[in-house]
Amino acid sequence: MPNPDNPPDTSRSGPLLIPLNRSWWQRNRRRSLILAARLLVLILFLGIWAALSGRVLDPQFFGSPQGVATMLIQWTVDGTLWRNTWITLQEVVLGFLLGAASGAALAYLIATIKPLWDVLIPYMLALYSVPKVAVAPLFIIWFGIDLGMKVLLAAISVFFLVFLSTAAGVQNVDEGLKNAVRMMGGSRRDVALKVTLPGSVAGLLTGLRMSIPYALIGAVIGELVASNRGLGFLINDASAQFNTSGVFAALVVLAIIAGALNMLVNSVDQWANRWKPIDSDHE
């Protein structure tokens, strides 16, 4: 029974907030275990590769972790790695930004207009199906072998993935929400900015995440076809000299670039979806 001498405090309303005093390990346990498992997989792979190299695997054909590390150190010391990585990084980032911006903008323009979408989508799918390596010679004729050709090749590799993923997100937005905004007197602009755009962000971010490797592929294809700079050129040059460890060294750098760009997109994804409830699996 309530105590008349100590009446309940009714000055505050709402849910009772109980602070959680969790330790660092309790907050970051799952993430730490995943990172440790990933590191363990990498160590096991390198260990097995090193153990088999020279015994089962011929280093001349399959390289070795020691050879790859030696090439990375040598290229780093003489500046080869920095110069060529910077060139490829420019091509990838500029191509990614150009392809993503144009793909998303066109998706929002076309996917919201059903007749226009029905007319153009077969052509977009047909162009998407064309191998980008087949377009490279044409780009060389049009744009030469400078930086711009690789940027455009990376951009078209990104463009179609972002376009199709964003368009799917736009078309999957709940029509009931759009109608509710219209019934409340909302304009076409209100529907676009307050319903369609937020509702399609998941599709856009999926397209951005999926297109990161394709930006790398487009840039490296351009360098492999015609270039005297970049990581693709290093791969070509090492391959011509039968330097398998050099090829793997350039591939390691490309993988690091892809991982860094993925982390950046994941950070944007977390920021854009900060309104969502926290998943119980993510501590």
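These are my notebook entries on a predicted model of one protein chain.

**Entry 1: overall make-up**

I started with the secondary structure. The protein chain has twelve helices and zero strands. Reading from the N terminus, I get α-α-α-α-α-α-α-α-α-α-α-α. I also looked up burial: 34% of the 283 residues count as buried.

**Entry 2: H4 against H7**

Next I picked a helix pair. Two packed helices are described by the angle between their axes and the distance between those axes, so I looked up both values. Helix H4 covers residues 80-110 and helix H7 covers residues 147-171. They pack at an angle of about 35 degrees, and their axes are 6 Å apart. I noted the crossing of H4 and H7 as right-handed. What kinds of residues make up the contact of H4 with H7? I find 21 nonpolar, six polar and two charged residues there.

**Entry 3: salt bridges**

Side chains of opposite charge can pair when their charged atoms come close, so I searched for such pairs. How many salt bridges does a search of the whole structure find? It finds one. The partners are Lys 114 and Asp 118, with 3.1 Å between the closest N and O atoms. Both residues sit in helix H5 (residues 114-129). Because they are four residues apart in that helix, about one helical turn separates them.

I then checked how open the two partners are. Lys 114 has 51% relative accessibility, so it counts as exposed, the cut-off for that being over 50%. Asp 118 comes out at 41%, so I put it down as partly exposed.

**Entry 4: a nonpolar patch on the surface**

I looked for nonpolar side chains on the outside. Leu 39, Leu 42, Ile 43, Phe 45 and Leu 46 form a nonpolar patch on the surface. Together they have about 480 Å² of accessible area. I followed up on one of them, Leu 46, which is found in helix H1 (residues 24-52). Is Leu 46 buried or partly exposed? Its relative accessible area is 34%, so Leu 46 is partly exposed. That value also clears the patch cut-off of over 30%.

**Entry 5: Phe 242**

Last, I went through the backbone angles and stopped at Phe 242. Its phi is near 60 degrees, a positive value in a residue other than glycine. Where does Phe 242 lie? I place it in the loop between helix H11 (231-240) and helix H12 (244-272). Phe 242 has a relative accessible area of 48%, so I logged it as partly exposed.

Technical notes: Residues numbered from 1 in each chain as written. Predicted model: local features only at pLDDT ≥ 70, side-chain atom pairs only at ≥ 80, totals over all residues. Heavy atoms only, no water. Patch = residues over 30% accessible without salt bridge, like charges linked within 9 Å, V, L, I, M, F, W, Y side chains within 5 Å. Areas by Shrake-Rupley, 256 points an atom, 1.4 Å probe, with all protein chains shown as cover. Salt bridge = Lys/Arg side-chain N within 4 Å of Asp/Glu carboxyl O. Helix = DSSP H or I, 4+ residues; strand = E, 2+ residues; numbered from the N terminus. Buried < 20%, exposed > 50% of the residue type's maximum accessible area, 1.4 Å probe, protein only. Axes fitted to C-alpha atoms, helices over the stretch in contact; angles between N-to-C directions. Left-handed = near helix turned anticlockwise from the far one by under 90°. Nonpolar A, V, L, I, M, F, W, Y, C, P; charged D, E, K, R; others polar.
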